[in-house]
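Q: I would like to go through this structure with you step by step. Could you take my questions as they come?

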Amino acid sequence: MYNGKNNKRGKVSRFLDPRAPTIAPQSTYVPTRTAQKPAGYAQIEAASQFGQDAPEFIAFVKDVVNMTADMAPAVSEAISQQKWKIAPNPLAVIRTAAHQAAKRISLGPN
């Protein structure tokens, strides 16, 4: 038998009370993507068209990624992984992946 106040253990029963407020159903979530690409996206896209020995690519590694020229093969491998395309900060993804690639191919400091 329901008395509306307490259940058998003395706790207030909010879920069985017909006078309790109801929760409205959530509206469906629709994710949106902005049309504006994150900072560095265009530079990485342009640099991906060059070979790792091209002067333009070396300039990209030095000026945009802020790494030394001997890290160019690692940066090239990081760009080819394409994880940067979905990242909110693509330059950070390139830097991190380049350090990991350099360690794998033993380019940079260990």
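This is a predicted model: local features need pLDDT of at least 70, side-chain atom pairs count only at pLDDT 80 or more; totals for chains, interfaces and linings use all residues.

Q: Let us step back to the overall fold. How many helices and strands does the protein have?
A: The protein has four helices and zero strands. Along the sequence, the pattern reads α-α-α-α.

Q: And what percentage of the residues is buried?
A: Of the 110 residues in the protein, 27% are buried.

Q: What about contacts between residues 24 or more positions apart, what share do they account for?
A: They account for 43% of the contacts in the protein with a separation of 6 or more.

Q: Now the core. Which residues touch the most other members of the largest nonpolar core?
A: That core has 23 residues, and Phe 57, Phe 60, Val 75, Ile 79 and Ile 94 touch the most other members.

Q: Which elements give two or more residues to this core?
A: Those elements are α1 (41-47), α2, α3 and α4 (90-104). The largest share, six residues, comes from α4.

Q: On to the helix pairs. At what angle do α2 and α3 pack?
A: Helix α2, residues 55-63, and helix α3, residues 72-81, pack at an angle of about 90°. Their axes are 10 Å apart. That angle makes α2 roughly perpendicular to α3.

Q: Which residues meet there?
A: From α2 the residues are Phe 57, Ile 58, Phe 60 and Val 61, and in α3 they meet Ala 72, Val 75, Ser 76 and Ile 79. By class, this contact of α2 with α3 has seven nonpolar residues, one polar residue and no charged residues.

Q: Staying with α2, which of its residues are buried?
A: The buried residues of α2 are Phe 57, Ile 58, Phe 60 and Val 61. They lie on the same side of α2, because they cover an arc of only 155° around the axis.

Q: What do they pack against?
A: The buried residues of α2 pack against α1 and α3.

Q: And which exposed residues are on the face of α2 turned away from its buried side?
A: That face carries the exposed residues Pro 55 and Asp 63.

Q: Then the corresponding question for α3: which residues are buried?
A: In α3 the buried residues are Ala 72, Ala 74, Val 75, Ala 78 and Ile 79. Seen down the axis of α3, they fall within an arc of 160°, so they line one face of the helix. These buried residues pack against α1, α2 and α4.

Q: Where does Asn 66 lie, and is Asn 66 buried or exposed?
A: Asn 66 lies in the loop between α2 and α3. Asn 66 is exposed, with a relative accessible area of 58%.

Q: What follows α3?
A: α3 is followed by Gln 82, whose phi is positive, near 65°. Gln 82 is in the loop between α3 and α4. Gln 82 counts as partly exposed, at 45% relative accessibility.

Q: How many residues apart in sequence are Asp 53 and Ala 72, and what is the separation in space?
A: Asp 53 and Ala 72 are 19 residues apart in sequence and 7.7 Å apart in space, C-alpha to C-alpha.

Q: One more position: where is Gly 40, and is Gly 40 buried or exposed?
A: Gly 40 is in the segment before α1. Gly 40 has a relative accessible area of 10% and is buried.

Terms used: Residues are numbered from 1 along each chain as its sequence is written. Side-chain values use heavy atoms; hydrogens and water are left out. Axes are lines fitted to C-alpha atoms, for helices over the stretch in contact, and angles run from 0 to 180 degrees between N-to-C directions. Angles under 35 degrees count as roughly parallel, over 145 as roughly antiparallel, 65 to 115 as roughly perpendicular and the rest as oblique. Contact means heavy atoms within 4.5 Å. Ala, Val, Leu, Ile, Met, Phe, Trp, Tyr, Cys and Pro count as nonpolar, Asp, Glu, Lys and Arg as charged, and the others, Gly among them, as polar. A nonpolar core is a set of buried Ala, Val, Leu, Ile, Met, Phe, Trp, Tyr and Cys residues joined through side-chain atoms within 4.5 Å. Buried means under 20% relative accessible area, exposed over 50%, partly exposed in between (1.4 Å probe, protein chains only). The arc is that of the directions from the helix axis to the C-beta atoms.
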